Each structure stands twice: as structure tokens, then as C-alpha cells.
Amino acid sequence: MKILRLLDRYVLHVFLAALWVFLVTFLALLLVIDFSTKVARFVALTSVSFLPFVVEYYLCRIPLFLMYILPPLTLFAAMFTMIKLQKT
């Protein structure tokens, strides 16, 4: 007996593709919005160089952003999967 049948693999593929697209889109949107609101603070820092500080700051903030957006994104991806499966 196969672990995942053909239909299960198809549904999982549709769901993971939707989750990936939503995750990348919402994470990029959150990063751009957060950066635009904090750019004045970043520029005002004189004791550190700008780019390495911003990269390190957002590498530390991404897990927090994921904690906020992953539950609704899972719901959006599931709804998108159901709608897509309904059409096919």
C-alpha cells in the first residue's frame, strides 16, 4: 500500500504551493511595511553600519513575523485549495 495516494499527493501539492505563495507574499509585504516605518530610526543610528544592522535586525524579526502570519496563512491556503479543487 502506498503511503500517499495520487489524490492525496495532488491535494498536498496544491496546498503547499498556495501556502508558499501566500507566505512569501505576506512576509515580503510585512517586511516592506515594517522597514518603511522604521527607516528613520535606522538612518539615525550612527554607531553601527546601516546595511548589516538592518539585515541582522530583520533576520531576528522574521520568526516573530512568521508567528503572527502563519495561522491565517494556513487558513487562506486551505481555503484556496478547496476553491481550486472545486473548480477542477
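I began with Thr 81 and looked up its neighbours: leaving aside residues up to four places away in sequence, Thr 81 touches Val 11, Val 14 and Phe 15. I noted that the model is a predicted one. Thr 81 belongs to helix α2. Is Thr 81 buried or exposed? Its relative accessibility is 2%, and the limit for a buried residue is under 20%, so Thr 81 counts as buried.

**Entry on the whole chain**

I next looked up the secondary structure and recorded 2 helices and 0 strands in the chain. I then compared the radius of gyration with the globule rule. The chain has a radius of gyration of 19 Å, while the rule gives 12 Å for 88 residues; the chain is therefore more spread out than a compact globule. The C-alpha trace spans about 60 × 25 × 15 Å along its principal axes. I also looked up burial, and 17% of the 88 residues count as buried. For contacts between residues at least 6 apart in sequence, I found that 70% join residues at least 24 apart.

**Entry on helix α1**

Helix α1 runs over residues 6-44, which makes 39 residues. From its first C-alpha to its last I read a reach of 56 Å, close to the expected 57 Å. Where is the kink in α1 centred? I located it at Lys 38, with an angle of about 55 degrees.

I then listed the buried residues of α1. They are Val 14, Ala 18, Leu 19, Leu 23, Leu 27, Asp 34, Lys 38 and Phe 42.

**Entry on the nonpolar core**

Which residues make up the largest nonpolar core? I recorded 11 residues in all: Ala 18, Leu 19, Leu 23, Leu 27, Phe 42, Val 54, Tyr 58, Phe 65, Ile 69, Leu 73 and Ala 77. Each of the helices α1 and α2 supplies at least two residues of this core. The largest share comes from α2, with 6 residues. As background, I noted that nonpolar side chains tend to be buried together in soluble globular proteins.

Not counting residues up to four places away in sequence, Val 54 touches Phe 35 and Phe 42.

**Entry on the aromatic rings**

I looked up the aromatic pairs, and the structure holds 11 of them. In the pair of Phe 42 and Tyr 57, the ring centres are 5.3 Å apart and the planes stand at 70 degrees; since planes over 60 degrees apart count as edge-to-face, the pair is of that kind. This pair links distant parts of the chain, as Phe 42 is in helix α1 and Tyr 57 in helix α2, 15 residues apart.

Phe 42 also pairs with Tyr 58. Here the centres are 6.0 Å apart and the planes are at 85 degrees, so this pair is edge-to-face. Because Phe 42 lies in helix α1 and Tyr 58 in helix α2, the pair ties together parts 16 residues apart in sequence.

I checked burial for Phe 42: its relative accessibility is 6%, so Phe 42 counts as buried. Tyr 58 is buried as well. Lastly, I traced the cluster that ring pairs form, and its members are Phe 35, Phe 42, Phe 53, Tyr 57 and Tyr 58.

Note on methods: Residues are numbered from 1 along each chain as its sequence is written. This is a predicted model: local features need pLDDT of at least 70, side-chain atom pairs count only at pLDDT 80 or more; totals for chains, interfaces and linings use all residues. Side-chain values use heavy atoms; hydrogens and water are left out. Helices (H or I, at least four residues) and strands (E, at least two) are DSSP runs, numbered from the N terminus. The expected span of a helix is 1.5 Å times one less than its number of residues. The bend at a residue is the angle between axes fitted to the seven residues ending there and the seven starting there. Buried means under 20% relative accessible area, exposed over 50%, partly exposed in between (1.4 Å probe, protein chains only). A nonpolar core is a set of buried Ala, Val, Leu, Ile, Met, Phe, Trp, Tyr and Cys residues joined through side-chain atoms within 4.5 Å. Contact means heavy atoms within 4.5 Å. Rings of Phe, Tyr and Trp (its six-membered ring) pair if their centres lie within 6.5 Å; planes under 30 degrees apart count as stacked, over 60 as edge-to-face and the rest as tilted. The radius of gyration is taken over C-alpha atoms; the globule rule is 2.2 Å times the number of residues to the power 0.38.
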